[in-house]
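Please look at the sequence and the model before reading on.

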Protein chains: 2
Amino acid sequence: MTKSALVLFSGGQDSTICLAYALERYARVETLAFDYNQRHKVELDCRLEILKHIPTQNREWGERLGDDHILPLPALAEIGGTSLIGAGEIKMQENGLPSSFVPGRNLLFLTYGAALAYRRGLDVLVGGMCETDYSGYPDCRRTTLDALTNAINLGMESAITIDTPLMQQTKAQSWALANEIGGAALVSLIIEHSHTCYEGERNHRHIWGYGCGTCPACKLRAQGYQEWTAA
Amino acid sequence: MTKSALVLFSGGQDSTICLAYALERYARVETLAFDYNQRHKVELDCRLEILKHIPTQNREWGERLGDDHILPLPALAEIGGTSLIGAGEIKMQENGLPSSFVPGRNLLFLTYGAALAYRRGLDVLVGGMCETDYSGYPDCRRTTLDALTNAINLGMESAITIDTPLMQQTKAQSWALANEIGGAALVSLIIEHSHTCYEGERNHRHIWGYGCGTCPACKLRAQGYQEWTAA
């Protein structure tokens with residue numbers, strides 16, 4: 001273990017698994033989140049709880065865990081509020097994306113991550129991008145991330161890599177990976193403290209965690225959990 | 001003229017030339033600036049003056065000029081304020097860059113530009129990046145921008161291009177280009193209203209414009225003007 005990592009850690013299920021994955025694999029691990037709208041404030045609270053619990057999961061993880069960073073991105077809401085014109089409008093409606101959708105959002109997240117990683121002397125960006133679940137988002141695909149890695153390293157004269165451990169995993173496989181990395185304690189941490197629900201719901205407790213249970217993110221999480229436990 | 005453009009328009013000399021270049025070449029032109037620290041507030045004022053004067057320069061330019069956008073980027077200052085560690089620190093000091101330098105800043109600017117262009121149905125990003133003057137900034141090089149164009153279009157399923165008319169121009173050639181595009185009226189607009197000075201100085205008027213006259217940006221601007229007028 002000589003390399004160090006910056007984990008894009010939103011406090012969701014996928015990024016919590018990525019954090020544990022990175023803590024098993026990299027000598028020093030820092031974490032990064034973006035504050036871009038009100039709905040995500042619940043996730044930002046959850047992630048601090050998760051970070052607080054990391055040393056109780058595993059003493060070595062606690063020793064490897066370094067600084068946490070939260071970057072404000074008000075520009076995303078501003079871009080999302082601009083009027084849609086022409087081709088952009090048509091393409092987005094075909095994709096079924098909301099009218100406030102900011103295309104290429106993950107390119108921004110990863111480029112911010114790379115700039116921070118460069119300054120912090122970190123070698124690898126770790127992110128929960130996934131082709132299996134988010135096929136509607138071309139900025140989550142591995143080919144896109146390979147092209148972005150190239151642009152980042154040319155633009156920063158760096159050698160940063162982007163590690164996406166969940167890229168080819170189903171949600172059921174992600175739960176299995178969590179269990180493999182951190183056993184029942186990590187699965188329990190994910191259930192209790194990671195947040196996925198689009199509605200920001202934290203009052204209803206299900207077997208797979210908190211959430212409204214009916215939004216697409218809750219359904220995906222619930223279904224993955226059920227598939228994993230049934231297997 | 002069927003294509004439309006988004007000009008990265010900071011209010012500096014280079015981006016003012018890019019704006020005039022785009023107004024000559026594209027059917028619809030929108031403008032974008034980033035608000036990321038106090039020193040640039042002077043530039044932000046200057047750019048509004050320039051936009052106000054565009055229709056008096058050329059009636060057709062006035063008709064083609066569309067919406068102006070300013071995006072807040074507080075995250076740049078936050079990244080610039082993080083402690084430097086390891087390789088990042090060493091490499092930056094070798095380059096003679098300030099300790100608050102954010103590597104890959106132009107990657108962020110252009111990716112924000114691409115997201116906005118997508119939503120606004122604009123085809124081309126126009127930016128004043130220049131290999132001749134900014135060889136210390138690898139994110140201004142054409143090879144980097146080609147790689148970024150690839151990443152953006154994979155990540156947004158788009159066909160946006162990045163047009164950099166000043167890439168191979170010296171500062172003297174930039175003044176000549178301004179004169180070629182808009183004659184004495186444009187040269188005068190650049191002298192009176194574009195802002196380049198790092199110190200934010202607007203009280204001292206020189207033959208080439210306002211500024212402290214001693215910072216690297218003023219020196220480059222003055223030298224280019226002198227070379228151009230002497231030629």
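Predicted model: local features only at pLDDT ≥ 70, side-chain atom pairs only at ≥ 80, totals over all residues.

Residues are numbered from 1 along each chain as its sequence is written, while chains are lettered from A and ligands numbered from 1 in the order in which they are written.

**Chain A as a whole**

- Chain A contains nine helices and seven strands; helices (H or I, at least four residues) and strands (E, at least two) are DSSP runs, numbered from the N terminus.
- The radius of gyration of chain A is 17 Å, close to the 17 Å that the globule rule gives for 231 residues, so chain A is as compact as a globular protein of that length. This radius is taken over C-alpha atoms, and the globule rule is 2.2 Å times the number of residues to the power 0.38.
- Along the principal axes, the C-alpha atoms of chain A fill a box of roughly 55 × 45 × 30 Å.
- Of the 231 residues in chain A, 51% are buried. A residue is buried if 20 or more other C-beta atoms lie within 10 Å of its own, exposed if 12 or fewer, and partly exposed in between, with C-beta atoms placed from the backbone.
- Among the contacts in chain A with a separation of 6 or more, 65% join residues 24 or more positions apart. Two residues are in contact if their C-beta atoms, placed from the backbone, lie within 7 Å.

**How the two chains are arranged**

- The same surface serves both copies, since 100% of the contact residues of chain B recur in chain A.
- In chain B, 41 residues are in contact with 41 residues of chain A.
- On the side of chain B that touches chain A, at least two residues each come from β3 (65-72), α4 (74-81), α5 (87-95), α6 (105-120) and α7 (142-156) of chain B. The largest share, eleven residues, is supplied by α6(B).
- By class, this side of chain B has 25 nonpolar, eleven polar and five charged residues. Ala, Val, Leu, Ile, Met, Phe, Trp, Tyr, Cys and Pro count as nonpolar, Asp, Glu, Lys and Arg as charged, and the others, Gly among them, as polar.

**Strand β1 in chain A**

- In strand β1 (residues 4-8) of chain A, five of its five residues are buried.
- In a regular strand the side chains alternate between the two faces of the sheet. Both faces of β1(A) are covered, with S4(A), L6(A) and L8(A) buried on one side and A5(A) and V7(A) buried on the other.
- β1(A) pairs in the parallel sense with strand β2 (residues 28-35) of chain A over five bridges, and A5(A) stands opposite V29(A) in β2(A). Two strands pair if DSSP finds at least two bridges between them.
- β1(A) also pairs in the parallel sense with strand β4 (residues 124-126) of chain A, over three bridges. The bridge partner of V7(A) in β4(A) is V126(A).
- Together with helix α1 (residues 13-25) of chain A, β1(A) and β2(A) make a right-handed β-α-β unit. A crossover is right-handed if, with the strands pointing away from the viewer, the path from the first strand over the helix to the second runs clockwise.

**Individual residues**

- G62(A) is found in helix α3 (residues 59-64) of chain A. This residue counts as partly exposed, with 13 C-beta neighbours inside 10 Å.
- Leaving aside its neighbours within four places in sequence, G62(A) is in contact with I54(A) and P55(A).
- Most residues other than glycine have a negative phi. Phi of E157(A), however, is near 45°, a positive value in a residue other than glycine.
- E157(A) lies in the loop between α7 (142-156) and β5 (161-163) of chain A, and is partly exposed, with 15 other C-beta atoms within 10 Å.
- In chain B, phi of E157(B) is near 45°, again a positive value.
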